[in-house]
Amino acid sequence: MEAILKAEKIEKIFKQEKILKGISLEIMPNSFTVLLGPSGSGKTTLLNILSGLLKPSSGKVYYKDKAITEFSKNQLADWKRKNVSNIFQSYLLLNNLTVRENIEIGMFSPDNGLPLDELSHLLEIHHLLDKFPSELSGGQQQRVAIARAVIKKPDILFCDEATGALDENNSKKVVALLHHLKQSLGLTVIFVTHNLQIAETADRVITIKDGLIHQDKINQNPISAYEMIWG
Amino acid sequence: MKLLYKQMTKELSKNYLSLVLILLLVSFTSFIYFFVHFSVDGNIATLQSLPSLKENEHLYLNALHSNAILARNMLTGSVILTSFVFYIFYHRFMKKNYKSLACLKALGFKDSVISSLFWAFTFILSVLGGLLGLIAGYFASDLLLKSGMKSYQMSGLVKRIHISSFFIGIFIPAFFFCIISYLTYLPVATKETALLLSSQTDTSTNPFLLAAANKLANFYPGKNKLSVRLALRKPLALILIILAVTAFSVMFLLAYSLHLSSEKIYQSQILGHHYLYDNLFDKPRLLEKPLPNSMPYLNTSGNIMTAKQAIQQEVIAFKNNSPLFELMDDKGNMLPGPTSGEIVISPALRDLYDIKEGHQIELYIHNHCKTFTVSAIAFNAKLNSVYIHPSDLEEMLSLPPHSYTGIWSIENISDAAKVISRYEKMDELEKNFVSNRISAVINQLVGCLIGSILLFLALLLNFQDNTKDILILDLMGYQSGAIRKMLLDIYKPVIYFIFSLGLWPSMQIVRFILKSLSLQIGDYMPFQSNIFVIGGIFLLLNFIYFIVQWTFNLGINKIIKSDALYQYSNNE
């Protein structure tokens, strides 16, 4: 099988400090990959580069053989709109739009997206559709953010500490949902976390340390989200 | 796209107070322009289509042109000021919404699509404000039309605007404001999405500015160093206050100068001019015997050559001062008449062309050129006139001694080709300056309003930036009075400081405007100011500050009494 995303010798320098020191990796389609590492290891920087939110200082990122690092700004915007989605730790919902509108804004084309009602039922937010983000709890907001990200059926879902602001129950729920969506929609999930338990649920765990891949491990027996033991 | 517009429009409209003030600024900007052009465009077209103009029509046409130039200059100044306000507004807005904007970019919205929202919003706001100004200008232009009818005995004046004026008044400001809104989006467009996501969303300034503010605050005497530090940390609010105070001072001084320049010119044409009739003859005559109660003079038109241009002047020559006419300086002292080789000039030549006493100037009369030394500046010189000794003029005109072309007299001389009575002369002067006076009143009004809005905006932006500080201080047990003292009252000495520091530059700006106007229009408008005007500006600034402070006191109390703290701490 061909990789859906490929990074070649990615380097990133911030204020004369090398954050990433030449990372190369391949991500297979319909996989759940965790980028694991302590704070400051460079995992979020790597995720941002892979998702086109940040340009590398050197190196290339390929999406199905197309070098996204060579894309123009407009090509990159089109790619983000059609092929990938992001989920952030702080949800980043648009406060002036209702839940329904927040989900709809993530849809590229009304014809190609998932049915909103079905998705909202799956994510248990169907009763919140007319509410505003400020009226929701953190867990609810993150589920709305997931709905916004997946409604367009992206090929890749980039999650940056998506459970970082949630309690145990909500975190388990979110991780379980992401696994379910990966299975049912054929998504490729790349999940940045420092949580070892979440890593246990992934197909593959890439550990980043000091801007380099420290370990790249295929998880032979991933646990289910509800089996995670929250420390 | 619809949802993107909904999100950002709602976010923008949360700043409704700032937007209303900006709308008012835009309205005033176009009001100044349309107020004049409704009374000018149609009538200029009508007068210019006439094969020949009567005296009053000619004067009215000049006045219309002068008003049009004044309106254009005011529009330019207001557009610059309002552009800066737009810049501050959007700069703060973008900074506060970096994360939302980054989120939209991460969702795949192109920069061109997101920025189009801002310029479209700006365009709508600008056109709306422009149309409000147009409507207000339409009705207010009655004032100028009525004064034109009364002062110039004009009839059939029309209220009409040329399509080009409509476009200039509405779309030129809108164009500049849209460019500003686009420019303020550029940092968002050029910054990488991930970096926007990790940006601070508050309006904090950079470390260099913070350090500079701290150092400057240390020079401030007394206990309020913290307040000074807080004020200096918001350079854009400070620049806005500087602009507000300067604009206010400039508008007021300009209005006062326009108003008093008419009076000053009027006075200059009375002082020392004791004759009742100015009798003009077709051809030069020879004075055979002295005439009772009269003073003969020789006149012609000539050009003073400067390095840049020829200045057309009436050249007048008379022998000695007499009880009918005597040249005087600005203190009312009698000046000796020019001797041969000397020339006495008007203050207009000094102020507009920088010709001073002792300067050598070349005077051209009918292809004859002679160099003269400026011996004095006569405050009461006839407008656009210079004085030389009769022997010099007779020589240049190749006339015999004792020639004359006019007589100033107490009685009307029957065989004169043209007689201008003192009453007619004064009436003409009056007409010339009516438009200036109306412009002055409008200037004063608009200056006050624009200055007040800018001051209000500056303090409002500062106030909005300080909401978090207000809540924290309240939490720490500070009374609202103490909070006000710490966060707002500091702007009072800041305003005083800027006023006193900006007074001289403001005066220079007004001098420059008046000089440019005088050169463009051809009517000399001297700069006028005195201690009472400066005191008046200071008092009005205090009054505006008092109103703003009172409004914000209510605001502080409202924030403290509301559950904003709860909301705030939950959102952080």
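Q: What makes a residue buried or exposed in a model like this one?

A: A residue counts as buried if 20 or more other C-beta atoms lie within 10 Å of its own, and as exposed if 12 or fewer do. The model here is predicted. Take strand E8 (residues 403–409) of chain B: six of its seven residues are buried, so E8(B) is largely enclosed by the rest of the structure.

Q: Which strands pair with E8(B), and in what sense?

A: The general idea is that strands of a sheet pair through backbone hydrogen bonds, either parallel or antiparallel. In this structure, strand E1 (residues 277–286) of chain B pairs with E8(B) in the antiparallel sense over six bridges. Within E8(B), Ile407(B) is the residue opposite Asn279(B). Strand E2 (residues 294–305) of chain B also pairs with E8(B), again antiparallel, over four bridges. Here Met295(B) has Trp408(B) of E8(B) as its bridge partner.

Q: How many helices and strands does chain B have, and what percentage of its residues count as buried?

A: Chain B has 18 helices and nine strands. Of its 572 residues, 39% count as buried. For contacts in chain B between residues at least 6 apart in sequence, 83% join residues at least 24 apart.

Q: In what order do the strands of the open sheet in chain A lie?

A: Four strands form this sheet, in the order E2-E1-E4-E5, with antiparallel pairing. Strand E2 (17–27) and strand E5 (66–67) of chain A are the edge strands, since each pairs on one side only. Strand E1 (residues 5–14) and strand E4 (residues 58–63) of chain A run antiparallel and are joined by five bridges. Lys6(A) stands opposite Tyr62(A) of E4(A). As a general point for reading side chains, those of a regular strand alternate between the two faces of the sheet.

Q: Which helix lies across E1, E2 and E4 of chain A, and at what angle to E1(A)?

A: That helix is H1(A), which runs at about 125° to E1(A). The buried residues include Lys43(A), Thr44(A) and Asn48(A), along with Leu46(A), Leu47(A), Ile49(A) and Leu50(A). Just after the helix, Gly52(A) has a positive phi of about 80°.

Q: Is Ala225(A) buried or exposed?

A: Ala225(A) has 21 other C-beta atoms within 10 Å, and the cut-off for buried is 20 or more, so Ala225(A) is buried. Ala225(A) is found in the segment after strand E10 (212–218) of chain A. Leaving out residues up to four places away in sequence, Ala225(A) touches Lys172(A), Val175(A), Ala176(A), His179(A) and Thr201(A). Phe132(A) is 93 residues from Ala225(A) along the chain, and their C-alpha atoms are separated by 28 Å.

Q: How many residues of chain A are in contact with chain B, and which elements give two or more of them?

A: The size of an interface is often given as the accessible area lost when the parts come together. Here the description is by residue contacts: 19 residues of chain A are in contact with 18 residues of chain B. On the chain A side, helix H2 (73–82) and helix H3 (99–104) are the elements that give two or more residues. H2(A) gives the most, with six residues. By residue type, the chain A side divides into seven nonpolar, five polar and seven charged.

Definitions and conventions. Residues are numbered from 1 along each chain as its sequence is written. Chains are lettered from A and ligands numbered from 1 in the order in which they are written. This is a predicted model: local features need pLDDT of at least 70, side-chain atom pairs count only at pLDDT 80 or more; totals for chains, interfaces and linings use all residues. Two residues are in contact if their C-beta atoms, placed from the backbone, lie within 7 Å. Ala, Val, Leu, Ile, Met, Phe, Trp, Tyr, Cys and Pro count as nonpolar, Asp, Glu, Lys and Arg as charged, and the others, Gly among them, as polar. Two strands pair if DSSP finds at least two bridges between them. Axes are lines fitted to C-alpha atoms, for helices over the stretch in contact, and angles run from 0 to 180 degrees between N-to-C directions.
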